[in-house]
Amino acid sequence: MKWIGKLLCGVLILSVVITADTKWTYGEGANTAPTNATSPQQALQQSITSVKVADAKGKWNQASYKVQFVKDATEYGYVHSIFPDRSGDDMIVVYQTDTKVFSDGKPKDGTIKIASIRSSDGTKVWETTVSNKELARTAYNVQSNGEIFLMAQDDTTFYLYTINEKSGKITRTIQQDNIFGRGTNWWRYWLIDQNQLLVTYTYNNQSILHYFDTKGKLIKNRTITGTVWDAQSNRMLVTDGNSAHYTLSVQDLKGSYIFKKSIDDPGYIWDAYLLPDLSIAIESQIKQNESYGYGLTKYNAKGQKQWQHTTMDEPWPYFAYDNQIIDIMGTHKKIVFLNNQGKEATALIANEEGWGDLRNHEIYFTGHTIRIADASTMKWLVELHYTGSEPQTSWLGNHQLAIYNSKNKTISVIRITSK
């Protein structure tokens, strides 16, 4: 996950609920912009100009779609994220019901809510009021144990809520002092062995580690020198020092070293990943011939350097998915998978400039169109051409696409079919 600059937010809308007719309908798209007199279903179909799917060779072909449901979305206020639950039957919506306003330079915190909605017909399965604090970091997936993690904060306190995907029940509430005030990149958290939580707070090359049990009870605290970047199972990745010279180490959760080594890096560490196979990837910002870019250095589980890759003129291009590294190059109009030698192996061609993100199991590439690819297979799934303001989309699996449009105040799910 990227902690800075990669978390997407929804867009602001008003509040009332009107449920639309949810019968199955067919659409090929239209070129007429929606008017105020149209129903939610008409607004959706007038906004979608075309839907395409890619064949085995990556060629795009026109497709049809069926509207599973479309309804007025003003109930959801400010939508932060939409993603599927693990069953594929329901989608999770994280939203804030109050408009965020500013008075004397300070934000007014709204009410954070989360709901589960049946993808087939829009029925609300459950809804939970989480907090009246500022939502500092949303979620884009359900954890392996069935929990959803949401982070909130105010000027003095950090809050982490874990929510059960089936019931909406808040299973754990973690509350810690915000020593230096609000700041999302100071806090990180991971699910570790036996469904315990590791929550770290890093500032000025020092990290405070908090361990919590399955009910949110604090087990212990400890402080280490360095920054904790990532954790897997019972291992964590730590750097100790500054961006130009630091010690790279993998430690167990008690602080015993698996390995450590000294690194000289002329760049600036942007992110670091401990992958499931316990190999390591360090992403750094670099400068070459007056141009800025990013480099990624890969180490194996023993700390031995394997390869290095550089991408120039692209902001935050690298993403870790499972044991893979994906390079999303918006200005170069492509997405590539880096193989075990750091070479660009599998490429998806976007044919236009845009920006990309990895959310859940999918890659989202947005330019004049919205394209979504499967991160595990590196195959395109769908291309959506849309009239009007850019919608928020989420691939739900089983050919289903969720679409949230703030301007038309609609939330919907369509099922994509062949011609």
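In the hairpin of strands S16 and S17, five residues lie between the strands, and Gly216 has a positive phi near 90 degrees. The model described here is predicted. Strands of a sheet pair through backbone hydrogen bonds, and the pairing is either parallel or antiparallel.

Lys220 lies over the face of Tyr211, at 4.9 Å from the ring centre.

S10 is joined to strand S11 (residues 147–153) by three bridges, and the two run antiparallel. In this pair, Leu135 stands opposite Ala152 of S11. In a regular strand, side chains alternate between the two faces of the sheet.

Aromatic contacts were examined next. The structure holds 10 aromatic pairs. A pair of aromatic rings is described by the distance of the centres and the angle of the planes. For Tyr76 and Tyr95, the ring centres are 4.9 Å apart and the planes stand at 85 degrees. An angle over 60 degrees counts as edge-to-face, so the pair of Tyr76 and Tyr95 belongs to that class. Tyr76 lies in the loop between strand S3 (60–72) and strand S4 (78–84). Tyr95 lies in strand S5 (residues 90–96). The pair therefore ties together parts that are 19 residues apart in sequence. Both partners are enclosed. Tyr76 is buried, with a relative accessible area of 0%. Tyr95 is buried as well, at 0% relative accessibility. Elsewhere, Phe158, Trp186, Trp187, Tyr201 and Tyr203 form one aromatic cluster.

Burial also marks helix H1 (residues 40–47). Six of its eight residues are buried, so the helix is largely enclosed by the rest of the structure. The buried residues of H1 are Pro40, Gln41, Ala43, Leu44, Gln45 and Ser47.

Two loop residues deserve a separate note. Leu278 is not a glycine, yet it has a positive phi of about 70 degrees. Leu278 is found in the loop between strand S22 (268–274) and strand S23 (280–288). With a relative accessible area of 28%, Leu278 is partly exposed. Lys409 also has a positive phi, near 55 degrees, and is likewise a residue other than glycine. Lys409 lies in the loop between strand S35 (400–405) and strand S36 (410–417). At 26% relative accessibility, Lys409 counts as partly exposed.

Methods
Residues are numbered from 1 along each chain as its sequence is written. This is a predicted model: local features need pLDDT of at least 70, side-chain atom pairs count only at pLDDT 80 or more; totals for chains, interfaces and linings use all residues. Side-chain values use heavy atoms; hydrogens and water are left out. Rings of Phe, Tyr and Trp (its six-membered ring) pair if their centres lie within 6.5 Å; planes under 30 degrees apart count as stacked, over 60 as edge-to-face and the rest as tilted. Helices (H or I, at least four residues) and strands (E, at least two) are DSSP runs, numbered from the N terminus. Buried means under 20% relative accessible area, exposed over 50%, partly exposed in between (1.4 Å probe, protein chains only). A charge sits over a ring if NZ of Lys or CZ of Arg is within 6 Å of the ring centre and within 35 degrees of the ring normal. Two strands pair if DSSP finds at least two bridges between them.
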